[in-house]
Amino acid sequence: MERKQHGTGEVVFNAINYTVFILYTLICVFPFYYLFINTISSNELTGLGLITFYPKGIHLSNYIQVLKLKGLPRAALVSLARTVIGTAATVFASAFLGYLFTKKEMWGRKFWYRFVVITMYFNAGILPWFITMMNLGLTNNFLAYILPYIVQPFYIILIKTYVESIPQSLQESAQLDGAGYFTIFFRIVFPLITPILATVAVFSAVNQWNSFTDTLFLMTDSKYYTLQFVLYRYLNEATALASIIKSSQGPVNMNLQNMQTPTSVRMTVSMIVVTPILLVYPYFQRYFVKGIMIGAVKG
Amino acid sequence: MYYDRRKRIVIKDKYRLFLMALPFLVLTFLFSYLPLHGWVYAFYNYRPGIPLRQNEFVGFYWFKSIVSNPTQTAEVLRVLRNTFAMSTLGLLTSVLPVIFAVFLSEIRVDWLRKSVQVLTTLPNFISWVLVYSFAFALFSTNTGFVNRILIQLGVIDRGINFLASNKHVWLTMILWSTWKSLGWNAIMYLAAITSIDPELYEAARVDGAGRFSMIWHITVPGIMPTYFVLLLLQIANFINNGMEQYYVFQNAINKDYIEVLDLYVYNIGMIGTSFSFATAVSALKSLVSVFLLMFANGLSKLVRGETII
């Protein structure tokens, strides 16, 4: 019952604490909201910077027109493909390797585990990496978005720790029944580690979706441009952007008020890039804390 | 290897496990170890597109030129200054997530605490390109949100070009990275706080401890081990700022202050023509960062009796 005796100090502390956190939360969320209200508002008002706290002249033509821009649907497809395929490959490899590294009977297990984990702490630098990618034929090649990301030491550590925490007897009894390593992995281990797999999947998907520098380094052919890369170009190349808009709109435009402008295109593409994150994020949020805690054990 | 009754080749378990891992070990070799071979480019006068054999071998020329060529020395020093400035600011702000977590856990209203946690973590999951896009929308000269509000409030009469300015670049960069990562970094500490034994708080309350003394004597010591591990990792990464954030925010005006090592290597190696010089700088950087990691690891062993790697 002591908790009910709020002193003045307590009240003041709470008031300040709550206010600071609420303000900071608003700062974190506002940019998302600001961009959104601008994309659905009259482009004339947006262009003048007159949309500040709530939308005016709501319309959806920005989204419709932007999705018609040449190259954008393709970039979206590339981004989507690398995210889906890359995530699936990374999750599978991390789970499988995490499982294999728990097998004490593996030849040279300690050595190979270190061989993988140590790569977390060093890299040759971006130029030698670029040369290697070039020599491997991974410039202007979709595989460059997948292959280098398959083996991720941090995820392997997370999963290995998790596999070690589930009772060994389950695997042993399956082994007595004649199950091989693959069967044990797919039938017994895999279903038991889904919480950690969800964490790894989200991390990996977000990384794939957000990746930008690999396109910058490796891709000169616009076929392989990702949404992030296209957005970056839109942010920087105002003149190019203006001409793209002009050519995509043609003479039969709707009302002038909602004609696409460089600003409206930038903001709309940004919203398209951020939407998948906003969609998956709330659902998987609860896994993060758990995942990061397990990682903290050895991360 | 031996034959079983059905004359099929049976590989011993220990090798079979290794063979199952082998494809992934090959990938690790290709993408993490093979690039180390690229350091040889630092010993040549390399021009991209021409096979290495046809380039002139120059030995340690590029390494020496870092200290012997005054223009290049000045450039490297400028870049090191920026790198050190950003990393030092990063180290100084590393207590912010701790403070954030401590005070957030003092919020007793469940839904509010959870909402704050969820919403402040969100920026961590967007790309730097998007952060830049936000910066573009909020801070552009005439139409940006911040300038509009400041003009309306009468603080300024003309828009300030926040993005193309060489003043306070380090400060704005640390502010953006704080905005992006503060909530996320606090999660680790929040997790550490929830694992503190509640009986400690009970006992302290019985002894008449107030809110602040409980924070100071129980919560803070409870999360210090986590803080030290993360701090040491940050020290190990002192010269690795990465380039993405600085790449997207760089422009002709702020370049002198925003170029950190990684970005500099990119700018002179990929955009410019000094591929070999850039490789030399980047190889040195990798060596220094391995050294820093070993230093941080040794420090950890000394202070906490545990290693971080």
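**Ground rules.** I am working with a predicted model, where local features need pLDDT of at least 70, side-chain atom pairs count only at pLDDT 80 or more, and totals for chains, interfaces and linings use all residues. Residues are numbered from 1 along each chain as its sequence is written, chains are lettered from A and ligands numbered from 1 in the order in which they are written, and side-chain values use heavy atoms, with hydrogens and water left out.

**Around B:V303.** I placed B:V303 in helix 14 of chain B, residues 275-304. Helices here are DSSP runs of H or I with at least four residues, strands are runs of E with at least two, and both are numbered from the N terminus. I then found B:V303 in a nonpolar surface patch with B:F291, B:F295, B:L299 and B:L302, and together they have about 550 Å² of accessible area. Such areas come from the Shrake-Rupley method with a 1.4 Å probe, and for residues only the protein chains shown count as cover. Patches take residues with over 30% relative accessible area and no salt bridge, joining like charges within 9 Å and nonpolar side chains (Val, Leu, Ile, Met, Phe, Trp, Tyr) within 5 Å. A salt bridge is a side-chain nitrogen of Lys or Arg within 4 Å of a carboxyl oxygen of Asp or Glu.

**Chain A overall.** I counted up the secondary structure of chain A and got 14 helices and zero strands. Of its 299 residues, 51% count as buried. Its accessible surface comes to about 14,100 Å², and carbon and sulfur atoms hold 67% of that. I also checked contacts (heavy atoms within 4.5 Å). Among those in chain A between residues at least 6 apart in sequence, 73% join residues at least 24 apart.

A:V117 sits in helix 5 of chain A, residues 109-117, and counts as buried because its relative accessibility is 13%. Beyond neighbours within four places in sequence, A:V117 touches A:P153 and A:I157. I also noted 9.8 Å between the C-alpha atoms of A:V117 and A:V151, which are 34 residues apart along the chain. A:T46 belongs to helix 2 of chain A, residues 43-47, and at 4% relative accessibility it is buried.

**A helix pair in chain B.** Helix 5 (residues 110-121) and helix 8 (residues 169-194) of chain B pack at about 135°, with axes 7 Å apart. That makes helix 5 of chain B oblique to helix 8 of chain B. I see B:Q117, B:T120 and B:T121 of helix 5 meeting B:G183, B:W184, B:I187 and B:L190 of helix 8. Axes are lines fitted to C-alpha atoms, for helices over the stretch in contact, and angles run from 0 to 180 degrees between N-to-C directions. Under 35 degrees is roughly parallel, over 145 roughly antiparallel, 65 to 115 roughly perpendicular, and the rest oblique.

**Positive phi.** A:N140 is not a glycine, yet has a positive phi of about 50°. A:N140 is partly exposed at 28% relative accessibility. B:H168 has phi near 55° and is exposed at 56%.

How values were computed
Buried means under 20% relative accessible area, exposed over 50%, partly exposed in between (1.4 Å probe, protein chains only).
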